Amino acid sequence: MFQSRTAKVLILSSGQALTALVGVVSMAVLTRVFDQRDYGTYRQTLLAYTFAVPFITLGLDRALYFFLPGEEKRPRGLLVENLLLLTLAGGILSLFIALGGNLLLARRFNNPDLGPILLWLIPYPLLMLPASSFNACLMARNRTEQVAGFSIGSRLVMLVFVLTPVVFWATPTAAIGGTVAGAGVTTAAALFLMFHACNVGPWRPTWNGLWKQFAFSVPLGLAALVGSVSLSLDQMLVSLRCTPDVFAVYSVGAMEIPLIGMITGSITSVVMVDYAKFYRESRISDIVALIHTAMTKSALLLLPIMFFLLGVAPDMMCFLFGEDYRGAAAPFRVFLLLLPMRAITFGAVLQAAGKSHHILISSILTLVANAVLGWLAIGWIGPVGTAMASVISIYFLCVPYLIYAICSTLHFPWRKLFPWWELAKLTMATAFSGLVTWTVVMFFPGPHLLRLAVYGIVYFPLTLVILLLMGFTDYTKMLGQLQESIRGKIWHRKANQT
């Protein structure tokens, strides 16, 4: 059955949001079971794995996006070839840990407890990496619902496997052991679904097929490597320069709200097609008009969320993770300042115009600046300094470069590229609403959950009224579209049942 791009994006985004929510629940439980040092050790163990994976997979987990669509002769053989390469990559990482990499990382992270626990992680790459191409495989075979379902189900399974042993043995080793066991179960399910989707043709791999996938993936992986390293660089810097308990607090605050990726990913994926079409037809004014629309709609959702979370950050951290993690509100607030940048579809415009190299250049420049500033800022300010370095690097280096790249590509002046006045009005409106609400709640005593509820009850109605009075009527349109979409989905489901 054919699915529109929007439908696929919404299905995947909802799955990603729910899986991220499961991750927050896991963090909330573990921060209360472990002390800060043990939780920091647990997070450092997983950080070592996630930081190393892009270096050894090199884009192999995304190769099937290119090789599987439309393949009818030997999809099963292509899948086997991909799994063999990913298993080899997992073996390399496991071998590194077993041959002394665990002790090297323990010394670099200033945490002697990390060495023995990393040994428990040796089977993990061999179990997890073959399943890393699951999304590419099933998306290429048009199995979107299975991707979303597996994403949610696998995270729930991992949650159970991690938390169950922790109930009996409240140690990082128990949590890592449960993580490895859960990986075995979820990977088995992933392989079953992958082979079920690719059940045609011979299964035997060929040297030529292995080489083609490897040769295709390496350039792709090198380009994606910069972005992957950037995502975890701040946590790596804090791990290298701070104690495990300090890292534990920072890692809790250095997270993105699940809803954000759902909103920005959905909008970017949808407008990408129109950007490409307009660029091919030299309809620059239509591209700019679409940029204005996409940014305004994104900002209508992102800016109110940003100012709400800026106000409730300490209460939210204490409610979710306990009083010991009140300090996590500082990096959390700093990273919230990046939300306005998520409303700008830089990547979508440049990819549609065939100028993706600008994205790579900006990523490299930002990564270098972030590494240098972050390392220095930790010594000057503390862990929150690396978060501030990330924000400064993006605002003062990445964003100006990308604006220059888009303007030179479209031959359009930067003053008219974005809806500056609309964004300014929206920022002032939501900031004023947040300030009023914060002033009211500041004098309101009570438990954290009650303060969160009062803040939301005051902030969101006040923000909605102010925006409607200022002429931002898109909210009512969006609510109407959402209602129609839900009705249409229910009607379609009933029709299928009958």
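Arg-326 and Glu-323 form a salt bridge, with their closest N and O atoms 3.5 Å apart; the term denotes a side-chain nitrogen of Lys or Arg within 4 Å of a carboxyl oxygen of Asp or Glu. Side chains of opposite charge can pair when their charged atoms come close. Arg-326 is partly exposed, at 38% relative accessible area, and Glu-323 is likewise partly exposed, at 48%. Here buried means under 20% relative accessible area, exposed means over 50%, and partly exposed lies in between, for a 1.4 Å probe and protein chains only.

The structure is a predicted model, in which local features need pLDDT of at least 70 and side-chain atom pairs count only at pLDDT 80 or more, while totals for chains, interfaces and linings use all residues. Residues are numbered from 1 along each chain as its sequence is written, and side-chain values use heavy atoms, with hydrogens and water left out.

By the rule stated above, the count comes to 6 salt bridges. One of them joins Glu-422 and Lys-425, at 3.5 Å from N to O. These two residues are 3 residues apart in helix α19 (residues 420-442), and are therefore separated by about one helical turn. Helices (H or I, at least four residues) and strands (E, at least two) are DSSP runs, numbered from the N terminus. Glu-422 is partly exposed, with a relative accessibility of 30%, whereas Lys-425 counts as buried at 16%. Elsewhere, salt bridges with shared partners link Glu-281, Arg-283 and Asp-286 into one network. Within it, the closest N and O atoms of Arg-283 and Glu-281 are 2.6 Å apart. Arg-283 is partly exposed at 29% relative accessibility, and Glu-281 is partly exposed at 41%.

The next topic is the packing of two helices. The axes of α2 (residues 36-57) and α9 (residues 172-197) come within 9 Å and cross at roughly 30 degrees. Such axes are lines fitted to C-alpha atoms, for helices over the stretch in contact, and the angles run from 0 to 180 degrees between N-to-C directions. The crossing of α2 and α9 is right-handed, meaning that the near helix is turned clockwise from the far one by less than a right angle.

In this contact (heavy atoms within 4.5 Å), Asp-38, Thr-41, Tyr-42, Thr-45 and Leu-46 of α2 meet Pro-172, Ala-175, Ile-176 and Thr-179 of α9. The contact residues comprise 5 nonpolar, 3 polar and 1 charged. For this division, Ala, Val, Leu, Ile, Met, Phe, Trp, Tyr, Cys and Pro count as nonpolar, Asp, Glu, Lys and Arg as charged, and the others, Gly among them, as polar.
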